[in-house]
Amino acid sequence: MTGPTSTPPPEDYRLLVPRDWFRIDLTLDRWRPQLKTFVDRQTAGRPLSAEARHEVWATLRNTAESGVARGALELFLRAEAQTATPATLLVSLLPTRGALNPPPKEFAAALAARRGDGADVTVVALPAGDAVRVTTATTLDLYVHVPGAAGYLLLAFTVPLSGVKSPMGELCEAIGGSLRWV
């Protein structure tokens, strides 16, 4: 008699992200100069004060530092319209095992209780597997259950100007749907 077979966790993931999104690898120590390059490119030729440029830099740096502290792997940035405030995608691995790795429906219920009425929390089927989808007016978080009970891969999109109910929001949904395990 053989016992149930468990699926091994994948070795990596792939996302289809448009070429005009600036990618920063947060697993390497050189992410700060990469981020500075993005900010310099986005603010060049725009009528922004030095204070506004510094605010863009500080906001994005804080986002990256907070992400790195929580296991973020990559940060993607795309300027919207003619503003220095970019849309972002922060990809993080949330490794959990055993009782700390709830199935998506239980995880969704816990997130809904924690987030309150300000967020819409649902479970959706993506090609990569079941995911918990959490949306607000300007954010879309997809917690994709990693095969092999390895945890969740979080795709955290922020769309500060146009919001998630826009063509940019639809693009974020498409990027999330492109996730594949390798």
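Reader: What is the order of the strands in the open sheet?

Author: In this predicted model, the open sheet has seven strands in the order β2-β3-β4-β8-β7-β6-β5, with antiparallel pairing. Strands (E, at least two residues) and helices (H or I, at least four) are DSSP runs numbered from the N terminus, and two strands pair if DSSP finds at least two bridges between them.

Reader: Which are the edge strands?

Author: β2 and β5 (120–126), since each pairs on one side only. On average, neighbouring strands are turned by 20° against each other, direction ignored; axes are lines fitted to C-alpha atoms, for helices over the stretch in contact, and angles run from 0 to 180 degrees between N-to-C directions.

Reader: Which strands does helix α4 touch?

Author: Contact means heavy atoms within 4.5 Å. Helix α4 (residues 167–177) packs on the sheet and touches β3, β4, β5, β6, β7 and β8 (151–158). The direction of α4 makes about 160° with that of β8.

Reader: How many residues of β3 are buried?

Author: Buried means under 20% relative accessible area, exposed over 50%, and partly exposed in between (1.4 Å probe, protein chains only). In strand β3 (residues 72–79), six of the eight residues are buried.

Reader: How many bridges join β2 to β3?

Author: Four, and strand β2 (residues 22–25) runs antiparallel to β3; I24 has L75 in β3 as its bridge partner. β3 also pairs with strand β4 (residues 86–95), in the antiparallel sense over seven bridges, and A72 has S92 in β4 as its partner.

How values were computed: Residues are numbered from 1 along each chain as its sequence is written. This is a predicted model: local features need pLDDT of at least 70, side-chain atom pairs count only at pLDDT 80 or more; totals for chains, interfaces and linings use all residues. Side-chain values use heavy atoms; hydrogens and water are left out.
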